[in-house]
Amino acid sequence: MSKKANSLQPEDVIASECLAVRLRLLNRVVTNIYDEALRPLGIKTSQLNLLVIAAKLGLARPADVCRRLQMDSSTLSRNVERMKARGWLEVVTDEDGRAQPFRLTTKGKKLLQKAKPAWEQAQQKAIKLLGADAVDEIHEAVTRVHSAKSS
């Protein structure tokens, strides 16, 4: 923190320097870009992320999904229920009745395929807004966060 920042009121310092506030703002703006592009398909960015992780994992265990996406279990459960109701995901019977792993349905796989062009459009719009250098820095920051969590 600079000497000038020390002389400012706490609200002024926090308002002008807080990374959490800035990241949340960027998150809302970028999420809105993707949500707008995906809206015609009836899906939100958060749901698309779950389709992607279910596709990548094959059988998605809630604890793994929560850990990978840094999501709390109640948010995941709510989203999975909504997506199950729309026929995009199905819960798979497991020996541990509490875990409720899930996987993509055929309908979910088709939706993921249909979503790709809208996602690509949103991706290009977000890159243009943020700038290629900022996007590279975001990727590097995410890599550092993942590395720090695994060590």
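## Overall form

Because the model is predicted, local features need pLDDT of at least 70 and side-chain atom pairs count only at pLDDT 80 or more, whereas totals for chains, interfaces and linings use all residues. Residues are numbered from 1 along each chain as its sequence is written, and side-chain values use heavy atoms, with hydrogens and water left out.

The chain contains eight helices and two strands, where helices (H or I, at least four residues) and strands (E, at least two) are DSSP runs numbered from the N terminus. Their order along the sequence is α-α-α-α-α-α-β-β-α-α. The radius of gyration is 19 Å, well over the 15 Å that the globule rule gives for 151 residues, so the chain is more spread out than a compact globule. That radius is taken over C-alpha atoms, and the rule is 2.2 Å times the number of residues to the power 0.38. Along its principal axes, the C-alpha trace spans about 60 × 35 × 25 Å. Of the contacts (heavy atoms within 4.5 Å) between residues at least 6 apart in sequence, 52% join residues at least 24 apart.

## Nonpolar core

In soluble globular proteins, nonpolar side chains tend to be buried together. A nonpolar core is here a set of buried Ala, Val, Leu, Ile, Met, Phe, Trp, Tyr and Cys residues joined through side-chain atoms within 4.5 Å. The largest such core has 28 residues, and those with the most contacts inside it are I43, L50, L51, V65, L76, L89 and F102. Two or more residues come from each of α3, α4, α5, α6, β2 (102-104) and α7; α7 gives the most, with six residues.

When residues up to four places away in sequence are not counted, I43 touches L38, L48, L51, W88 and L111.

## Largest pocket

A pocket is an open set of points on a 1 Å grid over the protein atoms alone, with protein on both sides within 12 Å along at least five of seven lines; a 1.4 Å probe is used, and lining residues have an atom within 4 Å of a point. The largest pocket has a volume of about 2,100 Å³, a volume being the space filled by probe spheres set on the points. Of its 39 lining residues, N27, V30, N49, I138 and V142 are the closest to its centre.

Elements that give two or more residues to this lining are α3 (19-38), α4 (45-57), α5 (62-69), α6 (73-85), α7 (106-130) and α8 (132-150). The greatest share comes from α8, with 10 residues. By class, the lining has 22 nonpolar, 11 polar and six charged residues.

## Individual residues

N79 lies in helix α6 and is buried, with a relative accessible area of 8%. Leaving aside neighbours within four places in sequence, N79 is in contact with S46, Q47 and L50.

Q70 is placed in the loop between α5 and α6. Its relative accessible area of 53% makes Q70 exposed, and Q70 has a positive phi of about 50 degrees although it is not a glycine.

K116 lies in helix α7 and counts as partly exposed, at 47% relative accessibility. The C-alpha atoms of K116 and E95 are separated by 35 Å, with the two residues 21 residues apart along the chain.

Conventions: Ala, Val, Leu, Ile, Met, Phe, Trp, Tyr, Cys and Pro count as nonpolar, Asp, Glu, Lys and Arg as charged, and the others, Gly among them, as polar. Buried means under 20% relative accessible area, exposed over 50%, partly exposed in between (1.4 Å probe, protein chains only).
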